[in-house]
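Student: I have a model open and some questions about it. Can we take them one by one?

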Amino acid sequence: MRFDILTLFPEMFQGPLSTGLFQRAVSHGLVTVNLHNIRDYTHDRHRTVDDYPYGGGAGMVLKPEPIFEAVESLRVEMSPEKAAALPVILLTPQGRLFSQEVAAELSQHNDLALICGRYEGVDERVREHLATDEISIGDYVLGGGELAAMVIIDAIIRLLPGVLGSDESALDESHTAGLLEYPQYTRPPVYRDWPVPEVLLSGNHAQIEAWRREQAIIRTLQRRPEMLERAQLNRKEEHIIERLKQPH
Ligand code: 9D3
């Protein structure tokens, strides 16, 4: 899968790209990340990327020309079919909310272009005539779209075949889908008077499995009750929930 990132701060990507899963995916040739500095697509002496907002107001607005030209420079290298189909995602607080489902959807594409906004905003014509999608990673204010792009790429690449080791992918979310994770412990069995739950040391795998499932349900009910509506639960588990919901 190929990512083309349009940004004013390509340096921000160096840390993540040279670490862990990113680095492995890139070195195994499963992922290509091309960084494009929007400033390189300006033509004036001062390499101007932003300007005052028409109508007045605080802050600056990213100019359309360098952003259009950066995306068009990607398209000229592609077949006309690929160029026409290229998803161009604008990272913006006003976009649709990113989620695991959106990550799965985006992981189906071979190429993805990501535009990182900055400043107070991006000229509306980028949204209207260049972007094919707009994504936000959550309701908090970032300094720009760069960290959002990294979050999105991180979530996508771990879904690509061959990126995670077989251990990790075998352990995947399927059977706990829609639930928070159960508590995990490792050695020592007692740390500062705090013992590991006895069931986990019992060697009884059926009992361990039942305990973990129950803990996951309890935790989800306490912290993210809205998630339970979509979780796949059996009758016994539904019963556990009804019991936990009763005042004690
Ligand atoms: C004045 C109104 N602000 C919107 C809340 C303007 C503004 C603030 C920060 C516009 C852009 C930004 C920079 N943020 C992003 O570009 C961004 C973002 C985010 O701030 N939160 C969650 N997801 C994203 S994706 C891109």
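Student: Is E181 buried or exposed?
Tutor: This is a predicted model, so the value is computed from predicted coordinates. The relative accessible area of E181 is 58%. The cut-off for exposed is over 50%. E181 is therefore exposed.

Student: Where does E181 lie, and which residues does E181 touch?
Tutor: E181 lies in the loop between α8 and β8. Leave out residues up to four places away in sequence. The contacts of E181 are then A216 and R219.

Student: Which peptide bond is cis, with omega about 5°?
Tutor: Look at P188, in the loop between α8 (166–170) and β8 (190–191). The cis bond with omega of about 5° joins R187 and P188.

Student: What is phi of D193, and is D193 buried or exposed?
Tutor: D193 is found in the loop between β8 and β9 (194–195). D193 is not a glycine, yet its phi is positive, near 75°. Its relative accessible area is 70%, and the cut-off is over 50%, so D193 is exposed.

Student: Where is R47, and what is its accessibility class?
Tutor: R47 lies in the loop between β2 and β3 (50–51). R47 has a positive phi of about 50° although it is not a glycine. Its relative accessible area is 35%. Buried is under 20% and exposed is over 50%, so R47 is partly exposed.

Student: Which strand holds H36, and is H36 buried or exposed?
Tutor: H36 is found in strand β2 (residues 32–37). Its relative accessible area is 14%. Buried means under 20%, so H36 is buried.

Student: Which residues does H36 touch?
Tutor: Residues up to four places away in sequence are not counted. The residues that H36 touches are D4, I5, L6, T7, Y41 and L74.

Student: How many Å apart in space are H36 and P10, C-alpha to C-alpha?
Tutor: In sequence, H36 and P10 are 26 residues apart. In space, C-alpha to C-alpha, they are 7.0 Å apart.

Student: What about E81: where is its place, and how many Å in space is it from A58?
Tutor: The place of E81 is in helix α4 (residues 80–85). E81 counts as exposed, because its relative accessibility is 60% and the cut-off is over 50%. E81 and A58 are 23 residues apart in sequence. C-alpha to C-alpha, they are 41 Å apart.

Student: What is the accessibility class of E209?
Tutor: E209 is found in helix α9. Its C-alpha atom is separated by 22 Å from that of W194, 15 residues apart along the chain. The relative accessible area of E209 is 39%, which falls between the cut-offs of 20% and 50%, so E209 is partly exposed.

Student: Which residues of α11 are buried, and why do they count as being on the same side?
Tutor: The buried residues of α11 (residues 235–245) are E237, I240 and I241. They share a side because they cover an arc of only 95° around the axis.

Student: What do the buried residues of α11 pack against, and which exposed residues are on the face turned away?
Tutor: The buried residues of α11 pack against α9 (205–223) and α10 (225–228). The face of α11 turned away from its buried side carries the exposed residues R235, K236 and H239.

Student: How many Å apart do the C-alpha centres of the two domains lie?
Tutor: The protein is divided into domain 1 (2–157) and domain 2 (172–245). Their C-alpha centres lie 39 Å apart.

Student: What space lies in the second largest pocket, and which lining residues are closest to its centre?
Tutor: About 380 Å³ of space lies in the second largest pocket. It is lined by 23 residues. The closest to its centre are L91, T92, P93, L142 and G144.

Student: Which element supplies the largest share of that lining?
Tutor: β5 (88–97) and β7 (133–136) each supply at least two residues. By class, the lining has eleven nonpolar, nine polar and three charged residues. The largest share, five residues, comes from β5.

Definitions and conventions: Residues numbered from 1 in each chain as written. Predicted model: local features only at pLDDT ≥ 70, side-chain atom pairs only at ≥ 80, totals over all residues. Heavy atoms only, no water. 1 Å grid on protein atoms, 1.4 Å probe; cavity = no way out; pocket = protein on both sides within 12 Å on 5 of 7 lines; lining within 4 Å. Points joined across faces, edges and corners; volume = space filled by probe spheres on them. Helix = DSSP H or I, 4+ residues; strand = E, 2+ residues; numbered from the N terminus. Nonpolar A, V, L, I, M, F, W, Y, C, P; charged D, E, K, R; others polar. Domains from an automatic or database assignment. Buried < 20%, exposed > 50% of the residue type's maximum accessible area, 1.4 Å probe, protein only. Arc of directions from axis to C-beta. Contact = heavy atoms within 4.5 Å.
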